Amino acid sequence: MKDYQKYILITGGAGFIGSHVVRLFVNKYPGYLIYNLDKLTYAGNLANLRDIEAKPNYRFIKADIVDGEYMVKLFAEHRFDAVIHLAAESHVDRSIASPMEFIMANIVGTVNLLNTAKFSWQDSFTEKLFYHISTDEVYGSLGEEGFFTEETPYDPHSPYSASKASSDHLVRAYHDTYGLPVLISNCSNNYGPNQFPEKLIPLFINNIHHSKPLPVYGKGENVRDWLYVIDHAQAIDTIFHKGLVGETYNIGGNNEWKNIDLIKVICEVMDDKLGRPQGTSEKLITYVKDRPGHDLRYAIDSGKLQRELGWTPSLQFEEGIRITVDWYLNNQQWLDEVTSGDYLKYYEEMYLKR
Ligand code: NAD
Ligand code: TYD
């Protein structure tokens, strides 16, 4: 096998954000060999990577990060220089229904990777990097004002955010205790192509397309800060190459939306794209019981990343949402494939019994 400049293990690369990170690294760095390790849960889909799967610098490994023995074997077989760790259970509502799956994948899985990296890299820490991808949800909920900074104390409320907070703490503990070279980034809500249609934006695009109700939790007054997924992937590239070991960087779009306002924009764009009279999709809005422990507001201050590493988001939301709607409308087969089987059962549990 030819020699590569770097051998990088990306976990969760068949998922939403992971697939954009894998694509960016494979295309931008032909001198790096990218290994995508993914268990292929309901959220992992190799169709997300069809355009790059035949590239010489890409390999796929189907594996579960919870399987510690297999991880040790894998690290012994390959000379990984770095790990970019995205594999996780990622949906808050599922974490409320089945917290143990989140504890296993997000906490036990992360510790397995940390242990394996510590053990396999012990004689060469200075040349290695363990980059952990996390969420702004670890910081809890904001009131009407203020932003999350890297100094905001952790205050998670859902089993999902608590499991991510726990994994962040463990990553820092491996740095402070054993000297493992780590980086962490905490990002706000992502949107864009290939997001599983259980999350707000793709779910609502899909439901509008099929004239199904739009289940708005509570009064729709919760606020999220939305970032286009490719901007997140580019931030990960920047932090991976320029971030200072041991540091944390917040990533955000400076793009806050109250859910109900965002939903109305999606309705407008969908009416426009589908050639339906304006107002048609809004009639599908249905207020349903609120999510338990529903965080009111997330908003990220990404000043440190912008000042110190020079990253800025590239896309305005109005453009990003149009690109996203077009993508879902043009990729009906992708949607049909992922909305069969397990997802349909979940959808019934979540919504039809609400
Ligand atoms: P996703 O659910 O779309 O994808 C997760 C991927 O991880 C899937 O491909 C799945 O098969 C894989 N996976 C799950 N458990 C695994 C295991 N035990 N072993 C190996 N692979 C496993 O998630 P996403 O939205 O792409 O999020 C990716 C990462 O980014 C997560 O760590 C998440 O916490 C974080 N994040 C997400 C957002 C967001 O808005 N989606 C925002 C900030 C941070
Ligand atoms: P989601 O996409 O699940 O992301 P997160 O909970 O990680 O922020 O939800 C975004 C917001 O939309 C959140 O405030 C919950 C709300 N929401 C609804 O009102 N209805 C829905 O069906 C879903 C999935 C989310």
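What share of the contacts in the protein with a separation of 6 or more comes from residues 24 or more positions apart? I looked that up before anything else. It is 82%, where a contact means heavy atoms within 4.5 Å.

Some ground rules for my notes. This is a predicted model, where local features need pLDDT of at least 70 and side-chain atom pairs count only at pLDDT 80 or more, while totals for chains, interfaces and linings use all residues. Residues are numbered from 1 along each chain as its sequence is written, chains are lettered from A and ligands numbered from 1 in the order in which they are written, and side-chain values use heavy atoms, with hydrogens and water left out.

**Overall build.** I find 12 helices and 12 strands in the protein; these are DSSP runs numbered from the N terminus, helices being H or I with at least four residues and strands E with at least two. The radius of gyration is 20 Å, close to the 20 Å of the globule rule for 354 residues, so the protein is as compact as a globular one of that length. That radius is taken over C-alpha atoms, and the rule is 2.2 Å times the number of residues to the power 0.38. Along the principal axes, the C-alpha atoms fill a box of roughly 65 × 45 × 40 Å.

I get an accessible surface of about 15100 Å², with 51% of it belonging to carbon and sulfur atoms; the method is Shrake-Rupley with a 1.4 Å probe. Of the 354 residues, 57% count as buried. Buried means under 20% relative accessible area, exposed over 50%, and partly exposed in between (1.4 Å probe, protein chains only). I also checked the 35 positive charges (Lys and Arg) and 47 negative ones (Asp and Glu), leaving out His and the chain ends. Their mean positions are 3 Å apart, each charge being placed at NZ of Lys, CZ of Arg, CG of Asp or CD of Glu.

**Cysteines.** How many disulfides are there? I count zero, taking a disulfide as a pair of cysteine sulfur atoms within 2.5 Å. Cys187 is buried because its relative accessibility is 3%, and Cys267 is buried at 1%.

**Positive phi.** Leu40 is not a glycine, yet its phi is positive, near 60 degrees. I place Leu40 in the loop between strand S2 (32–38) and strand S3 (58–62). Its relative accessible area is 27%, so Leu40 is partly exposed. Asn254, also not a glycine, has a positive phi of about 50 degrees. I find Asn254 in the loop between strand S10 (248–251) and strand S11 (256–258). Asn254 counts as exposed because its relative accessibility is 66%.
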